[in-house]
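Hello,

Here is the structure I promised to hand over. Please have a look at it before you read on.

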Amino acid sequence: MMKVLFVNLYPSDSERGYLLSSYVLKGYLEAYSVQPEDLDVEVSNYSTDGDASLIARDIIQSRADVVGFSCYVWNVEKIGALLKHLKPRTDACYVLGGPEISLDWIGRRSRQFPADYYVIGPGERILLQLVDYLRELRSEVPAGAAFWSGGALQYTEPPLEDQIAELDEIPSIYLNDVIENDLYEGQEAYLETQRGCRYRCKYCVYHKNLDKVYSFSLDRVFRELRHLIEEKQVLSLRIFDSIFTNDLERAKAIIRYLIQLKEQGVQLPYLLYWELMYNGVDEEFFQLTAELKYRQNILNTYKPHFADVAQHYSSLLEDYTVINCIGLQSLNKESLRAVHRLGVNPRKLDQFMSHARQYNVVLKVDLILGLPFETYASYLEGLNTILPYFEETDHILNIHRLQILPGSEMEEVCRRYEVEYSQTAPHYVHQTREFSGEQLIRASALTAVLFRVLNSTLRPYLYRAVKASGLSYTHLIEQLYAEILQAEELSATLIAGGEVNDMYWNEQVFQDLPSGWLISRFENYVK
């Protein structure tokens with residue numbers, strides 16, 4: 001009997017408490033293994049905050065023959081710490097896979113991550129064949145699995161026909177009860193309805209080098225939706241597709257099914273997330289999405305509530321049901337061209353935002369701080385272009401400090417355009433040729449101030465102050481930041497003393513900058 005253990009290291013702030021990937025792999029191995037009676041597959045879940053020595057102790061006590069880790073930018077360093085505990089103390093075979101693993105990454109970091117095998121790309125078939133090889137049921141290491149031999153990295157690219165074209169071949173972890181029932185206690189789930197992406201953005205690896213977008217059948221998607229929503233009663237469901245509207249009519253069919261569930265009296269999740277492109281939807285899409293709401297004319301950020309806690313989506317976006325996530329990333333055409341994205345079309349963006357306002361549909365708008373060719377001035381200019389669309393809405397602004405994913409084409413872009421970033425996870429950009437490190441620190445601090453005000457019920461104060469003062473949005477935020485630096489009572493805040501990023505401006509800044517202090521400053525502009 002061979003025992004395979006998948007170790008899930010999920011983000012410490014996740015309510016889900018597991019990773020989707022390990023359960024998908026478990027379900028695939030159990031469904032297609034030769035001699036399944038001689039194979040035992042388990043999944044263990046740990047937070048990235050967990051003690052590495054204690055997690056390693058559990059893994060050793062499991063007596064697993066094969067231990068697999070799915071590596072992401074936010075857990076890979078913890079996995080490295082685990083391997084240091086494990087490798088000298090067990091004879092298990094260690095396998096790494098996931099978005100963080102690429103041939104270049106292995107070449108640079110295998111000493112810190114001394115696994116026996118590294119799975120490159122989508123892993124279901126490759127891992128199945130690798131496990132069969134380790135069980136001596138096949139004679140060769142499969143294509144797609146890299147390993148070291150004689151001081152050289154051995155790897156064979158799998159042929160295109162080895163890709164899973166009919167995604168229903170992959171067993172549903174939900175319908176087949178692959179996932180343990182107690183993991184639904186957090187009432188949060190992810191659902192993948194398609195794989196691949198028609199865009200090839202250089203900072204992303206979601207396309208997985210697939211030649212096109214592959215989809216699960218609508219029948220399967222509908223059955224999984226009903227199972228998760230009606231039977232498991234999940235409160236938060238994230239559609240885990242690169243772009244939900246890759247096929248717009250297919251996306252509408254899924255929304256119509258959700259409307260049908262609602263009409264049948266099924267309580268929909270509190271929040272449904274999906275990604276879309278501003279230039280890839282029509283008015284009917286907004287009409288259908290609006291039918292999923294539980295009340296009309298919602299405007300939560302204008303409620304008189306000033307709690308000094310992070311303003312999570314659950315409070316700001318109550319009753320919208322759907323969060324439509326759009327990735328603009330930048331309004332700088334050169335920046336977008338450098339990462340293989342089309343420039344933003346102002347007319348189409350305006351039409352998109354007008355439809356969102358007309359149908360009272362909420363958006364989460366993503367931007368990236370630190371792209372090549374972006375400057376401090378162009379970053380502020382982009383914010384001034386976007387912010388008018390947020391007035392009297394509950395739209396969420398979501399800005400990420402650029403992270404360079406190993407194996408993505410962005411690594412070469414960074415070399416070409418002199419972008420400096422951390423070589424260890426989470427690979428944040430420190431400076432670019434056009435955006436100095438000092439400017440990036442200042443832009444990060446301004447972003448934190450903006451988030452504290454905009455993504456909270458202080459939003460109306462910002463817009464009233466802008467109108468009364470005649471200042472631009474960013475000029476007003478810069479003035480507010482200057483006051484923060486001068487305020488003795490705020491001198492201990494991180495925002496006043498160093499480099500900040502996504503984690504700070506989505507969490508701690510809400511405690512560091514009290515509502516009462518901010519309101520008093522805004523009121524000075526409207527007297």
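Below are some notes on the whole chain and then on one residue.

This is a predicted model, in which local features need pLDDT of at least 70 and side-chain atom pairs count only at pLDDT 80 or more, while totals for chains, interfaces and linings use all residues. Residues are numbered from 1 along each chain as its sequence is written, and side-chain values use heavy atoms, leaving out hydrogens and water.

The whole chain

You will find 18 helices and 17 strands in the protein chain; these are DSSP runs, with at least four residues (H or I) for a helix and at least two (E) for a strand, numbered from the N terminus. Along the principal axes, the C-alpha atoms fill a box of roughly 80 × 55 × 40 Å. Of the 527 residues, 56% count as buried, meaning under 20% relative accessible area; exposed means over 50%, and partly exposed is in between (1.4 Å probe, protein chains only).

Where is Arg 433 placed? Look in the loop between strand E17 (429-431) and helix H14 (437-454). Arg 433 is partly exposed, with a relative accessible area of 41%. Leaving aside residues up to four places away in sequence, Arg 433 touches Phe 373, Arg 416, Tyr 417 and Glu 418 (contact means heavy atoms within 4.5 Å).

Enjoy exploring!
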